[in-house]
Amino acid sequence: MKDHPPNNSDETSGNLEAEVDPLREVVPSANTPGKRRGKAEVVSEENRPSLREELHDRKIEQLRQMFDRHKGNRHLILLQDFPDPDALSSAWAYKLIAEKYDIQCEMIYAGALSHQENIALVRLTGLPLQRWTLETTKTKDLSAYQGCVFIDNQGTTCNLTEFILGAGVPIAAVIDHHSLQGEINADFTDLRPEIRATATIFTEYLQAGMLTLDGSVSQHVKCATALMHGLRSDTNALRQAQEEDFLAAAYLSRFYDPQLLNAVLQSSRSKWVMDAIERSLKHRTVQNNFSIAGIGYLRYDDRDSIPQAADFLVTEENVHTAVVYAIVHDKDEEIEVVIGSLRTNKLTLDPDEFIKEAFGQDAQGRFFGGGRSQAGGFEIPVGFLSGRNESSDYARMKWEVFDAQIKQKLLNLISPKENPIYDH
């Protein structure tokens, strides 16, 4: 599988459309051929809340059945290369639930933790995270694992996906709040793009009795704190939260440690982040309320400074959307990738659609990026031009070419008739 995980079957799979939004099949629309509008449709709309509860209960039962089938197994939980608080906390919750079924899990990622809050979260809570590079993974006995799990991703943002699936490790579960990104063949699938955070989905699992949190158990308190941070992070401090998120936060409020969460949130910005913000301010182009900034070359370990710079730029007066990007050098793999982040306060701008339209797809038909409400990201391989060169002039020219190309693609969408690069 290349990018995202697999399909569901009967109790474990079935019609993926129905898994993503089953209500569409139950509640007919006005334009559905062969469906009569009237009393039946009104009743369906009135029963919508109870229908959601029924679907939720069915999903919980399917999850229990999946765990029962995997009792005594070992699972690999694959996170995106640069895991965020939502992914970290949700994976930890999965691991704790799985332990009730005698399933041992290892939480792994291939990239880096560079955002100061993510580093603080892992250190202060003792979150059991391991970094496996591709070279490290090749030395592992993958036959020891009877399943892999994708949480807060569908495999496309994890550098280990292809190798682990190629080694014959089946996909046990895919649990994510992003839109469907490819064919999925998993023992259990729960995709809910209408939910703001994967942490909300896992909190619902806890509320349903998949794990009974105990405020006297240190690990439970720390996991609840991590989930609160993940939920808060993906809902912009609850400002974009929906009913499900508020209900989840209310439940977690009984168990989380406010002082621990405050310590995570007050972690200091690194010098590299401050440098990235400074460069983004210096090189930004503001047009039609968009702020665009290319900040040159970054070390792989400092990749998380890009979204933080975008977060800063979007706070400028008369700016509703910010895009920051850089060429990131991975010295371990000797590759370079253009990595960018988008942040927006404009409710009518869909980051997923905007990024996909701006940068398109690769030769295999995979989009270079996408997003969710008010945030998005993209990664574009530098390819043959990757690698360092003794000449500083060469490095400068390479950056200027990529910088101009990205700006051109963005400005073609923002103001196609006023694109100075394109016109030139």
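Helix H9 (residues 198-207) packs against helix H11 (residues 243-252) at an angle of about 55°, and their axes are 9 Å apart. That makes H9 oblique to H11, since angles under 35 degrees count as roughly parallel, over 145 as roughly antiparallel, 65 to 115 as roughly perpendicular and the rest as oblique. Axes are lines fitted to C-alpha atoms, for helices over the stretch in contact, with angles from 0 to 180 degrees between N-to-C directions. Helices (H or I, at least four residues) and strands (E, at least two) are DSSP runs, numbered from the N terminus.

This is a predicted model: local features need pLDDT of at least 70, side-chain atom pairs count only at pLDDT 80 or more, and totals for chains, interfaces and linings use all residues. Residues are numbered from 1 along each chain as its sequence is written, and side-chain values use heavy atoms, leaving out hydrogens and water.

Which residues of H9 meet H11? They are Thr 200, Thr 203, Glu 204, Leu 206 and Gln 207, facing Glu 244, Asp 245, Leu 247, Ala 248, Tyr 251 and Leu 252 in H11; contact means heavy atoms within 4.5 Å.

I turn now to the sheet. Six strands form an open sheet with mixed pairing, in the order S7-S8-S9-S10-S12-S11; two strands pair if DSSP finds at least two bridges between them. At its edges are strand S7 (285-287) and strand S11 (369-372), each pairing on one side only. Strand S10 (residues 335-344) and strand S12 (residues 375-381) run antiparallel, joined by seven bridges. Val 337 stands opposite Pro 381 in S12.
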